[in-house]
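This report goes through one protein chain and its ligand, part by part. Please keep the sequence and the structure in view while reading.

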Amino acid sequence: MTQPIIELDGVSVCYRLPKEQIISFKEYAIRWLGRRITYHELWALRDLSLSVQPGEVVGVIGPNGAGKSTLLKVIARVLKPTLGRVRVVGRIGPLLELSAGFDPELTGRENIYLNGAILGLSKREVDRRFDEIVAFAELENFIDAPLRTYSSGMVARLGFAVVTDVDAEILLVDEVLAVGDESFQRKCLARIQAYREQGVSILIVSHNMQTIRDMCDRAVWISGGQKQGEGAPEAVIQDYLAGLDLPPDHPLPQTASLL
Ligand SMILES: Nc1ncnc2c1ncn2[C@@H]1O[C@H](COP(=O)(O)OP(=O)(O)O)[C@@H](O)[C@H]1O
Ligand SMILES: [Mg+2]
């Protein structure tokens, strides 16, 4: 086995939420000084270990609130683990998620430049990629309208087009593939497939079991912040679905998204 490109060792993440609602900053400061703020602790990940080899495509499945997004955020270094260790050796692409860093008041065009800058591209580099990004997102007719007039599917398309158009050795994809119409989803999958062929390591969070089957070398099932299973996608998917207690004729899990 080669050296893993991503390695998590006993990672736990605890979110602290103030127990009472605090109305003003002044009240917050007074309580903080008096040590009178009590927190509710929520362990979103518990003692999770995982390693990903270069070029591997790993699917992450589990119910809502399982800790899937938290896992990707820890790998992307958006979040620091409360306990445990994260080691990432490859060049990591930006985290692809639905709430990408867009400004609703700016136009699609301006947001492409804004995001390009956030991703470390120069204006010239964005100029060079611009037409291709807009074409991929299929937003030619809307590119000068403010983003707040876009549907969530349009925003996601733009996010996917901008963000995947960068050089990276690791791609983190959080449920982005679930939005948009089928033809766009196919385009996204084709692009991910191309990355896969170039040897990029990919983590995909999806509720679409078919996507996990088609795209992934391995699946990881998490629930309640803990790893419940890991291995060949089909076997892990079967264990996960068996635990969901769905009626036998339930049509969703095999084909469409499981919300
Ligand atoms: N910023 C946050 N502050 C407090 N709790 C959070 C935050 N983000 C997520 N959580 C909680 O952590 C748990 C795991 O969330 P998440 O990683 O988003 O799960 P998933 O992506 O699997 O739906 C959930 O109970 C969620 O409510
Ligand atoms: Mg999530």
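Predicted model: local features only at pLDDT ≥ 70, side-chain atom pairs only at ≥ 80, totals over all residues.

Which residues is I5 in contact with, leaving aside its neighbours within four places in sequence? They are V52, Q53, P54, V89, G90, E169, I170 and S201.

## The chain as a whole

The chain contains nine helices and nine strands. It has 259 residues, of which 36% count as buried. Among contacts between residues at least 6 apart in sequence, 72% join residues that are at least 24 apart.

## Around ligand 1

The shell around ligand 1 is made of Y15, L17, L42, A44, G62, N64, G65, A66, G67, K68, S69 and T70. By class, five of these residues are nonpolar, six are polar and one is charged.

Three elements each supply at least two residues of this shell: β1 (6-18), β2 (39-52) and α2 (68-75). Which of them gives the most? It is α2, with three residues.

Helix α2 is mostly covered, with eight of its eight residues buried. These are K68, S69, T70, L71, L72, K73, V74 and I75. Among them, K68, S69 and T70 are also listed around ligand 1.

Just after α2, R77 takes a positive phi of about 65 degrees. Most residues other than glycine have a negative phi. R77 is found in the loop between α2 and β4 (83-88). Is R77 buried or exposed? It is exposed, because 11 other C-beta atoms lie within 10 Å and a residue with 12 or fewer is classed that way.

D47 is found in strand β2. Its phi is near 45 degrees, a positive value in a residue other than glycine. D47 has 14 other C-beta atoms within 10 Å and is therefore partly exposed.

H40 also lies in strand β2. With 10 other C-beta atoms within 10 Å, H40 is exposed. Not counting residues up to four places away in sequence, H40 touches L17 and K19. One of these, L17, is also part of the shell around ligand 1. H40 and P18 are 22 residues apart in sequence, and their C-alpha atoms are 6.0 Å apart in space.

## Helices α3 and α4

Two packed helices are described by the angle between their axes and the distance between the axes. For helix α3 (residues 108-118) and α4, the axes come within 10 Å and cross at roughly 130 degrees. The crossing is right-handed.

On the side of α3, the contact is made by I112, Y113 and G116, and on the side of α4 by K123, E125, V126, F130 and I133. By class, the contact has five nonpolar, one polar and two charged residues.

## Helices α4 and α5

Which residues of α4 and α5 meet? From α4 they are I133, F136 and A137, and from α5 they are R157, L158, A161 and V162. The contact of α4 with α5 has six nonpolar residues, no polar residues and one charged residue. I133 of α4 takes part here and in the contact with α3 as well.

Terms used: Residues numbered from 1 in each chain as written. Chains lettered and ligands numbered in written order. Near = placed C-beta within 6 Å. Helix = DSSP H or I, 4+ residues; strand = E, 2+ residues; numbered from the N terminus. Nonpolar A, V, L, I, M, F, W, Y, C, P; charged D, E, K, R; others polar. Contact = placed C-beta atoms within 7 Å. Buried ≥ 20, exposed ≤ 12 C-beta atoms within 10 Å, placed from the backbone. Axes fitted to C-alpha atoms, helices over the stretch in contact; angles between N-to-C directions. Left-handed = near helix turned anticlockwise from the far one by under 90°.
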